[in-house]
Amino acid sequence: MPLDANPEISDDALLAQYAGGDRAAARILTLRLTPRVLALAVRMLGDRSEAEDVAQESMLRLWKMAPDWRPGEAQVSTWLYRVAANLCTDRLRRRRGVGIEEAFGEGAEPADEQPAVEERMHADGRARALHQALSELPERQRQAVVLRHLEGLSNPEIAAVMEIGIEAVESLTARGKRALVALLGRRRAELGLSDDG
Amino acid sequence: MTAEISKDMERELDACFEALRAAREEPSPELLARVLADGYAEQDARTAVAPAAPAPRRGWLRNLIDMIGGWPALAGLATATLAGVWIGYNPPAAFDSLTLALLNESYGYDVGLSASILDLDEVQADG
C-alpha cells in the first residue's frame, strides 16, 4: 500500500487543488481517503465486493462535490464517512428488503454474506470473532463502534458523521460494546480468548 | 442500563479491536485505479464544459464594414469616392466635350456665368 506522499497537506487544500485540475492532488486524495471508506464499508457490509462499490461511489461523490467545497466548514473525511455510511445503510436496507424502522432495529446480517471477508481476514481468532460479533449489532451501534474503535474517530467527529448529538454517540458506543462483550462471551470457550491473554 | 463491562472483559474487547485493526482490509490496486480514473474523468469533464471567455462585442462600424464586404471592399469604395471628387473638381477634357455635345453646356463650373446670374446689383436694378 503506497504511503501518503504529502501528509502535511490538509484534505481541504488537496481538494481545492483537485478542483483546480491538479492531477497529483487526485492521486494523493485517492491514496489517503479510499482506504478509510473501504474499511468502514467492509465492517458495515461484511462483503468486500459491495464495500468496494461503496468506496468507489463515495469517492466519485467527493470528486463531483470538490468545486463546491467550502474549506473550514467541515472536515472532508467526516463528509466522506457520512456519504459512505449512508450508502452502506441503503444497501443494507435493500438487502433486507424492509423499511427504515426495521433496518435500524435489532437483527443479524445474513450468514451467507460473511465468509467472503472472513476468508481473507487474518487467521487471528479474535479478529474473526469480533468481525462476526459486529455483524450482529444493530446498524447504528455498529457504525458508531467501528468509527470509534476501528477508525479512531473522536466522539464529536462521529456525531458529525452520524448527524446526531455527542451523548447519542456515547450511548450507541457504550451499548454496542456491551452487546459485543455479550456476543464474544458466548464464544469465549470455543475461541479460548482467556487462554490467549 | 445493563451492568458495566468488567475490567477483564474490557481488556478482551480491546484485544479484539486491536486484532481487527491489524486485519484491516486495504484497497486493491484495481480499486485505487478505478477511483483515480473517476477523479481524472471528473476533472476532464469540468475542463470541457468550463465557460469560454465571452466574445468581444462588435461595434457598429465593424458591422457596417462587414455588411459592405470587408476591408477590401471598403478600400475600393474609398478609391471610387476619391476619384469621383477629383473628377468633379477637375473634369477631364474628354468628359467636358461629351457634355457640350449632348447638353450644349459645359460640365465644368462656369464662374463667369454664375457671376452674371448672381450679379445682385443687376438683379436689384432690374427689380
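Where in chain A is A:Glu163 found? A:Glu163 sits in the loop between α9 (155–162) and α10 of chain A, with helices taken as DSSP runs of H or I of at least four residues, numbered from the N terminus. The phi angle of A:Glu163 is near 55 degrees, a positive value in a residue other than glycine. A:Glu163 counts as exposed because its relative accessibility is 57%; exposed denotes over 50% relative accessible area, buried under 20%, and partly exposed the range in between (1.4 Å probe, protein chains only).

The model is predicted: local features need pLDDT of at least 70 and side-chain atom pairs count only at pLDDT 80 or more, whereas totals for chains, interfaces and linings use all residues. Residues are numbered from 1 along each chain as its sequence is written, chains are lettered from A and ligands numbered from 1 in the order in which they are written, and side-chain values use heavy atoms, with hydrogens and water left out.

The pLDDT (the predictor's confidence in each residue, from 0 to 100) averages 74 in chain B, where 62% of the residues score at least 70. Among the elements of chain B, the highest mean pLDDT, 93, belongs to helix α2 (residues 29–49), and the lowest, 52, to helix α6 (residues 111–117).

Contact (heavy atoms within 4.5 Å) links 48 residues of chain A with 33 residues of chain B. The area buried between the two chains, defined as the accessible area (1.4 Å probe) lost on being put together and summed over both, is about 3,900 Å², of which carbon and sulfur atoms give 62%. In chain A, the most area is lost to chain B by A:Arg23, A:Gln56 and A:Arg178, together 17% of what that side buries.

Six salt bridges are counted between chain A and chain B, each a side-chain nitrogen of Lys or Arg within 4 Å of a carboxyl oxygen of Asp or Glu. A salt bridge joins A:Lys64 and B:Glu42, with the closest N and O atoms 2.9 Å apart. The elements giving two or more residues to the side of chain A that touches chain B include α1 (11–19), α2 (23–45) and α3 (48–65). On that side, α2(A) gives the most, with 12 residues.

A:Thr34 lies in helix α2 of chain A and counts as buried because its relative accessibility is 0%. Beyond residues up to four places away in sequence, A:Thr34 touches A:Leu29, A:Met59, B:Pro27, B:Leu31, B:Leu32 and B:Val35.
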